[in-house]
Amino acid sequence: MNDYDGGTVRRILAVALAVVTLLSVVAVPAAAAGYDEYESPELTTTVQGSNVLVPGETASLELAIQNRGTAVTSGDGRVDRLAKTFESAGVKPGSAMGTTARFESESAPVEIRSGEQSVGTVAPDGTRTASLELEVAEDATPGTYRLPVVLEYQYVRTVSVDDDEHYITRRDVTVRSHVTVRIDPSVRLGVESVAGENLRANEDGRMAVTVRNEGTETASDAELLIEGSDQLTPRTNGLSLGTVDPGETATASFRVGMADIEDTDTYAVPFRLRYEDSNGVVRESQIRTGTVTIEDAPTFDLSATTTDLYVDSTGAVTLSVTNTGDRPVTNARAILDPMEPFSPLSTSASLGTLAPGETATARFKLDVADRAIAQEYPLAFTIAYEDAYRETVESDRLRVPVTVGPEMTVDTSGTPTVAAGSTERIEVTVTNTGPGRMTDAVARINANTPFETDDDTAYIGDLGSGESTTVTFTVSVDGAATAKTYSVDTTVKYDNSFGRTVVSDVEPTAVEVTEKRGGIISSILQFLGL
């Protein structure tokens with residue numbers, strides 16, 4: 001009987017004692033017992049904590065459900081038999097069992113969000129709780145309202161015990177109670193208009209917002225906040241509006257940053273008002289949204305031409321950039337992203353301000369690696385420009401194809417002949433077999449045994465692609481040299497169109513050594529070059 005309170009037990013025992021006394025007089029069999037409860041439990045409901053609500057809010061109230069009833073009972077037979085029956089059947093005298101609570105709004109300007117709730121058993125003088133969630137209408141009129149609470153429960157009407165059997169009669173009861181709430185005056189935010197300026201993808205712009213206090217209370221020390229969204233980030237926030245009376249409007253201008261949107265479109269922007277109410281309590285309004293149009297980022301068309309862009313050489317790419325958008329871009333620059341097989345000597349070039357449809361060019365120097373292959377490669381560029389706050393914005397990476405030509409090469413030809421033990425001039429024909437022009441070219445031979453020379457260089461000058469010229473070197477051949485054809489290494493050093501000095505790969509030149517000539521006359525003729 002742990003679930004009974006002391007008063008209930010005393011009442012049950014008192015009734016039982018009277019019944020036992022009566023039974024002893026009339027000789028009622030000891031095995032029979034009975035119990036009657038003449039009044040149902042009395043349930044009341046109250047709000048625990050504050051019952052104050054404000055228009056537009058969603059609130060949760062904790063309700064106390066108390067059993068204030070007094071059990072009016074009678075009984076006969078043995079109390080211990082009844083007590084065992086109560087315990088085995090889960091019966092609690094004087095209690096409201098299986099209690100449920102259901103809430104209604106009636107005429108109150110609220111929407112009930114809580115469904116029917118199970119409260120359980122409410123013992124005499126006991127209390128259980130239920131949660132009431134509701135949403136107050138934004139245009140709710142301040143005042144006091146009663147919210148009906150419908151309670152349903154069971155209580156024990158009679159219990160009879162006969163030998164090893166017992167019978168229990170329960171009654172279902174439905175009662176209507178209520179709780180009282182008060183709706184206070186409040187501030188209600190309304191968004192009148194949102195005007196954007198320079199709101200473009202990836203840029204910073206301004207957004208002017210006009211709001212209205214649509215509530216019934218003055219907002220003091222009011223601040224307007226942007227909550228932020230996937231498309232928009234506030235750079236300035238919590239802007240002061242001062243005091244905003246009911247029905248009054250105020251305007252705030254925010255600096256905002258735009259995300260990288262794909263298309264021009266209209267997007268929702270959430271706002272909230274933070275303020276002090278008439279009691280000096282800091283509150284925040286419900287979120288309200290406005291709409292604003294955000295434009296797509298500028299677009300560009302790229303094309304490129306190349307100059308002397310060869311394997312293992314320095315060349316140039318001239319980039320043409322056209323503004324294909326519908327607005328000017330200010331202080332535009334083309335930025336080259338380094339990527340194999342290129343090593344940029346310059347990575348940024350100015351394009352100036354580009355009006356819609358306008359084209360500007362930029363020139364970039366690049367070294368092409370010697371391991372590159374003569375073929376087409378993509379070059380990646382981004383176009384940087386300034387937004388309204390002179391902050392740098394970059395476009396997406398744009399790719400343009402360029403062609404790398406084969407490496408610059410030379411070819412040497414001729415059949416110079418030198419007698420062993422003599423010093424003679426030899427002629428070598430040098431041909432530019434590469435795709436570009438050689439400037440200030442100089443040929444050089446590497447004289448190895450059996451050759452010697454004090455004259456290993458010869459000036460060529462300018463040599464266009466496919467052009468040839470003949471140069472002369474003076475060489476001496478060891479007298480003990482074997483008569484045969486030898487190879488003399490020849491290289492050509494030249495400047496390319498960017499003034500960079502380039503040395504060609506080694507090209508072998510064939511020189512035939514003949515048998516040694518004899519006599520003084522031969523020596524004189526050789527000296528005279530005859």
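With which residue does R274 form a salt bridge, and how far apart are the closest N and O atoms? In this predicted model, the partner of R274 is E284, and the closest N and O atoms of the pair are 3.1 Å apart. R274 counts as partly exposed because its relative accessibility is 29%. E284 is also partly exposed, at 39% relative accessibility.

A second salt bridge is formed by R397 and D337, with the closest N and O atoms 3.0 Å apart. R397 is placed in the loop between β28 and β29 (398-403), whereas D337 is part of strand β23, so this pair ties together parts that are 60 residues apart in sequence. D337 counts as buried, its relative accessibility being 15%. Salt bridges with shared partners also join E223, E227, R272, R274 and E284 into one network. A further pair is made by the side chains of E203 and R200, which meet in a salt bridge at 3.9 Å, N to O. E203 and R200 are both buried. In total, the structure holds 25 salt bridges.

The protein chain as a whole contains three helices and 39 strands. Of its 530 residues, 43% are buried. Contacts between residues at least 6 apart in sequence were also examined: 69% of them join residues at least 24 apart. The chain exposes about 26100 Å², and carbon and sulfur atoms supply 44% of this area.

A negative surface patch is made up of D260, E262, D263, D265 and D396. One of these residues, D265, lies in strand β18, which covers residues 265-276. D265 counts as partly exposed because its relative accessibility is 42%.

S313 is found in strand β22, which runs over residues 313-323. With a relative accessible area of 4%, S313 is buried, since buried means under 20%. When residues up to four places away in sequence are not counted, S313 touches D308, L366, D367, V368, N496 and R500.

Several backbone features were noted. The peptide bond from E340 to P341 is cis, with omega near 0°. P341 is placed in the loop between β23 (329-337) and β24 (342-344). Another cis peptide bond leads from T449 to P450, here with omega near 15°. The loop that holds P450 runs between β33 (438-446) and β34 (451-455).

Positive phi values were found at two residues that are not glycine, R390 and D440. For R390, phi is about 60°, and the residue is located in the loop between β27 (376-386) and β28 (392-394). R390 counts as exposed because its relative accessibility is 60%. For D440, phi is about 50°, and the residue is found in strand β33. D440 counts as partly exposed, at 41% relative accessibility.

Definitions and conventions. Residues are numbered from 1 along each chain as its sequence is written. This is a predicted model: local features need pLDDT of at least 70, side-chain atom pairs count only at pLDDT 80 or more; totals for chains, interfaces and linings use all residues. Side-chain values use heavy atoms; hydrogens and water are left out. Patches are made of residues with over 30% relative accessible area and no salt bridge: like charges are joined within 9 Å, nonpolar side chains (Val, Leu, Ile, Met, Phe, Trp, Tyr) within 5 Å. Accessible areas come from the Shrake-Rupley method with a 1.4 Å probe; for residues, only the protein chains shown count as cover. A salt bridge is a side-chain nitrogen of Lys or Arg within 4 Å of a carboxyl oxygen of Asp or Glu. Lys and Arg count as positive and Asp and Glu as negative; His and the chain ends are not counted. The place of a charge is taken as NZ of Lys, CZ of Arg, CG of Asp or CD of Glu. Helices (H or I, at least four residues) and strands (E, at least two) are DSSP runs, numbered from the N terminus. Buried means under 20% relative accessible area, exposed over 50%, partly exposed in between (1.4 Å probe, protein chains only). Contact means heavy atoms within 4.5 Å.
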